[in-house]
There are 2 protein chains.
Amino acid sequence: MTTILHGNILHAPAFGQLETVPSGYLILEDGVIEGVCEALPARYEGCPVTDYGESLVMPSFADLHLHAPQYPMLGMGMDLPLLDWLDTYTFRTEARFEDLDYARRVYRALARDLITSGTTRVAMFSSRHTDATLVLMEELENAGVTGYVGKVNMDRNAGLSQETTEESLSETLRWLDACARFRLVRPILTPRFTPACTDDLMAALGKLASDRDLPVQSHLSENTGEIAWVRELHPDCGRYWQSYGKYGLWKDRTLMAHCVHSDPREQEAMAASGVWAVHCAASNVNLCSGTAPVRELLNRGVHVALGSDIAGGDQLAMNKVVVMSIRASKVKQMETGAPFLTVPEAYYLGSTAGQRYFNGGAGFQPGHKLHAMVVDESAFPEPTRPLALPERFERAIYLMEKRDIRAVYSEGVKRV
Amino acid sequence: MTTILHGNILHAPAFGQLETVPSGYLILEDGVIEGVCEALPARYEGCPVTDYGESLVMPSFADLHLHAPQYPMLGMGMDLPLLDWLDTYTFRTEARFEDLDYARRVYRALARDLITSGTTRVAMFSSRHTDATLVLMEELENAGVTGYVGKVNMDRNAGLSQETTEESLSETLRWLDACARFRLVRPILTPRFTPACTDDLMAALGKLASDRDLPVQSHLSENTGEIAWVRELHPDCGRYWQSYGKYGLWKDRTLMAHCVHSDPREQEAMAASGVWAVHCAASNVNLCSGTAPVRELLNRGVHVALGSDIAGGDQLAMNKVVVMSIRASKVKQMETGAPFLTVPEAYYLGSTAGQRYFNGGAGFQPGHKLHAMVVDESAFPEPTRPLALPERFERAIYLMEKRDIRAVYSEGVKRV
């Protein structure tokens with residue numbers, strides 16, 4: 001089936017590159033992109049066209065690090081030091097997901113909030129609860145949010161949310177078996193972070209990752225206290241990453257959130273192994289963790305994507321996360337001189353980079369299922385003159401809110 | 001006439017102090033606050049009560065630095081260096097306000113955007129255009145936005161927007177005469193900043209400020225290039241502030257936006273003269289100006305309020321500006337160790353501090369006309385447990401959008 005969308009088309013196929021097709025056509029066959037063109041080829045005459053008029057049609061967002069069970073605490077506890085924040089809010093909030101009715105309500109609202117904000121791909125932490133994790137996956141799939149979800153593993157230093165090593169492993173196996181039924185949302189192994197996982201658990205998860213060829217996500221070098229703690233726990237590891245490396249968890253497509261304090265050698269280890277850094281700018285400033293060396297990571301060939309990191313982050317909407325990444329990079333520039341992220345660069349990290357993590361295309365690259373959003377600018381202030389598309393793109397990234405998102409396509413299907 | 005509001009009442013009467021009255025009553029006589037109480041005194045029995053139920057009733061915001069004619073360029077040009085940004089966007093955009101029909105449309109939309117976002121007090125820069133400035137004041141007054149507006153004076157280094165010294169002065173007099181008809185919005189003298197005003201103009205404005213007892217607003221020590229420029233223009237001034245001081249523009253209640261690079265001696269000069277610093281956190285990071293020493297200013301006894309500084313800032317909603325001030329203070333803490341602004345502290349700067357600038361009260365202090373907003377939390381994520389009011393307050397500051405603002409009172413009158 002042929003579908004044709006008409007509108008002002010723009011995408012970021014490569015880092016720093018913004019391509020625009022004013023009043024263009026996006027042609028789909030069964031939800032798969034055939035191409036983008038300025039005028040409709042003769043062979044499509046007579047095909048129905050969904051006309052988005054003056055609206056912007058652009059790739060939707062990918063959020064590669066967020067904690068679903070922290071959604072209920074969004075925007076709270078931001079004045080607390082990290083450990084108090086974990087005890088007062090995080091562990092208590094996550095513990096509530098024992099209750100499946102509660103989980104259903106919260107995760108349905110979260111899935112809806114994501115898709116209507118233009119986020120169609122995620123790599124997400126659940127809680128330790130197997131059944132709530134399955135509820136989360138079901139709600140995401142129903143809403144059209146695709147990607148990875150992980151039941152969290154944590155058998156030490158995890159307060160109320162802790163599990164035993166045996167439970168952690170047997171529940172992980174039960175969860176993986178139950179995941180067979182999902183099509184759009186797949187499992188990812190999720191050791192919370194080194195201090196919350198015993199060596200036995202890490203070793204068993206590393207074996208599982210290898211035996212079943214499963215991807216892995218965790219946290220890395222978020223703050224200096226954590227790094228010192230990992231050094232105490234693993235005196236044999238000169239750098240934090242090696243505590244994952246020695247158990248087979250440091251491998252191609254492993255997602256590591258934060259990397260705020262990753263030094264050149266840790267960055268080189270990421271590039272060499274194909275490990276991805278997920279930059280969480282809002283969370284890193286909210287929790288006073290620091291400002292991640294994003295430009296340095298990119299220059300060393302590390303893949304970088306963006307994460308909202310709710311609820312360390314306070315904003316779920318990824319355009320706000322893109323803007324926060326730009327702001328963080330400006331702070332970094334003032335500190336080190338490293339050039340800040342331009343709007344097209346930061347948008348690439350929040351859209352195409354995440355698509356490519358999931359083997360999607362570069363922007364609206366043909367041969368890939370469509371992930372897109374349609375932005376209506378009519379609620380923005382009236383400009384003094386007709387704006388060029390790159391200016392409209394920039395304004396949309398800075399100003400867009402949910403009310404401005406007119407349609408969202410995920411995996412080739414219109415979901416909003 | 002007695003009006004009674006019922007709801008969860010909270011305010012920040014002093015810096016760092018948050019007072020909450022769960023399910024309380026706010027009593028007004030002709031729009032003037034009589035008091036806040038936990039139970040309704042017997043003498044008010046029978047008076048009609050506006051019941052806001054579970055909603056939060058809190059003082060509205062004051063935005064003490066923004067450029068009205070830059071509203072059309074909100075969220076654009078953020079990747080440009082300051083001078084290109086001024087040439088490509090700012091001066092050209094401001095020049096458009098020669099056209100009064102255009103000014104009317106833009107300023108009506110801006111006034112509406114302000115009041116529905118909970119901003120009821122402003123100190124605002126217009127453009128150099130007298131008639132468009134009067135349109136702006138009219139639109140603000142009609143919408144219920146109170147405070148100060150200034151016709152901008154700039155007779156050098158102002159590109160397309162420049163005026164001659166004679167024009168600048170004669171138009172200022174014409175404008176001041178025409179302002180007699182406004183009640184809620186009053187004039188403030190507005191030399192754009194030292195590099196844009198000749199010595200003759202500065203001297204004449206200083207005399208006018210003194211003769212007519214008019215307040216003054218301008219920019220101070222925003223970035224290092226500007227400071228060097230002022231030093232060239234005024235080699236007799238050891239510090240930037242003295243270029244205002246020597247013409248009588250540095251006086252009690254003068255508003256100085258930015259103060260990013262104000263050193264201890266400049267800060268002391270502010271405290272000594274009763275000059276206010278207006279902190280514009282979003283703009284300062286967007287334009288890579290730096291991070292203002294807010295804690296240091298406060299410790300030295302300088303009055304500090306907040307400004308959105310659109311369109312160097314990209315967010316008009318003052319709760320977002322409060323959050324940006326917190327983030328900037330966390331960046332500053334990581335850099336210098338100065339404690340970050342807590343949510344109640346930053347909210348004080350965005351509400352009570354601005355009220356007091358306009359001789360309003362401390363929070364909901366009796367004897368002052370009501371400036372308040374009512375926030376409905378029903379669109380926020382469902383929490384895991386009943387939240388305490390201070391937690392709800394914090395969450396509202398972080399998450400609230402226009403859709404959540406159920407009512408706004410300005411100068412004792414319900415406007416939204």
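**Exercise 1. Aromatic pairs**

Find how many aromatic pairs a search of the whole structure gives over all chains, then work out how F97(A) and Y107(A) are arranged.

*Solution.* Keep in mind that this is a predicted model.

- Step 1: over all chains, the search turns up 24 aromatic pairs.
- Step 2: one of them is F97(A) with Y107(A), whose ring centres sit 5.0 Å apart with 20 degrees between the planes. Planes under 30 degrees apart count as stacked, so this pair is stacked.
- Step 3: F97(A) is in the loop between helix 1 (82–95) and helix 2 (100–116) of chain A, while Y107(A) belongs to helix 2 of chain A, so the pair ties together parts that are 10 residues apart in sequence.
- Step 4: check burial. F97(A) has a relative accessible area of 0% and is buried; Y107(A) is buried too, again at 0%.

**Exercise 2. A pair in chain B**

Classify the pair F61(B) and Y347(B) as stacked or edge-to-face, and say which parts of chain B the pair ties together.

*Solution.* 

- Step 1: the centres are 6.0 Å apart and the planes make 90 degrees. Anything over 60 degrees counts as edge-to-face, so that's our label here.
- Step 2: F61(B) lies in strand 5 (residues 61–67) and Y347(B) in helix 12 (residues 343–350) of chain B, so the pair ties together parts that are 286 residues apart in sequence.
- Step 3: both F61(B) and Y347(B) are buried.

**Exercise 3. Clusters and charges**

Which residues do ring pairs link to Y148(A) in a cluster, and which ring faces do K330(A) and R253(B) lie over?

*Solution.* 

- Step 1: the cluster takes in Y148(A), W276(A), Y357(A) and F358(A).
- Step 2: K330(A) lies over the face of F340(A), 4.8 Å from the ring centre.
- Step 3: over in chain B, R253(B) lies over the face of Y357(B), at 4.5 Å from the ring centre.

**Exercise 4. The open sheet**

Trace the 7-strand sheet of chain B, explain why strands 3 and 17 are edges, and find the helix that lies across strand 4.

*Solution.* 

- Step 1: the strand order is 3-2-1-4-15-16-17, with mixed pairing.
- Step 2: strand 3 (32–37) and strand 17 (413–414) each have a single partner strand, so one side of each has no neighbour in the sheet.
- Step 3: look at the strand 17 end. Strand 16 (residues 405–410) runs antiparallel to strand 17 and is joined to it by 2 bridges; S410(B) has V413(B) as its bridge partner.
- Step 4: helix 14 (residues 389–399) lies across strand 4 (49–59), at about 70 degrees to it, and also across strand 1 (2–11), strand 2 (19–29) and strand 15 (372–375) of chain B.

Terms used. Residues numbered from 1 in each chain as written. Chains lettered and ligands numbered in written order. Predicted model: local features only at pLDDT ≥ 70, side-chain atom pairs only at ≥ 80, totals over all residues. Heavy atoms only, no water. Pairing = 2+ DSSP bridges. Helix = DSSP H or I, 4+ residues; strand = E, 2+ residues; numbered from the N terminus. Contact = heavy atoms within 4.5 Å. Axes fitted to C-alpha atoms, helices over the stretch in contact; angles between N-to-C directions. Phe/Tyr/Trp six-rings, centres within 6.5 Å; stacked < 30°, edge-to-face > 60°. Buried < 20%, exposed > 50% of the residue type's maximum accessible area, 1.4 Å probe, protein only. Lys NZ or Arg CZ within 6 Å of the ring centre and 35° of its normal.
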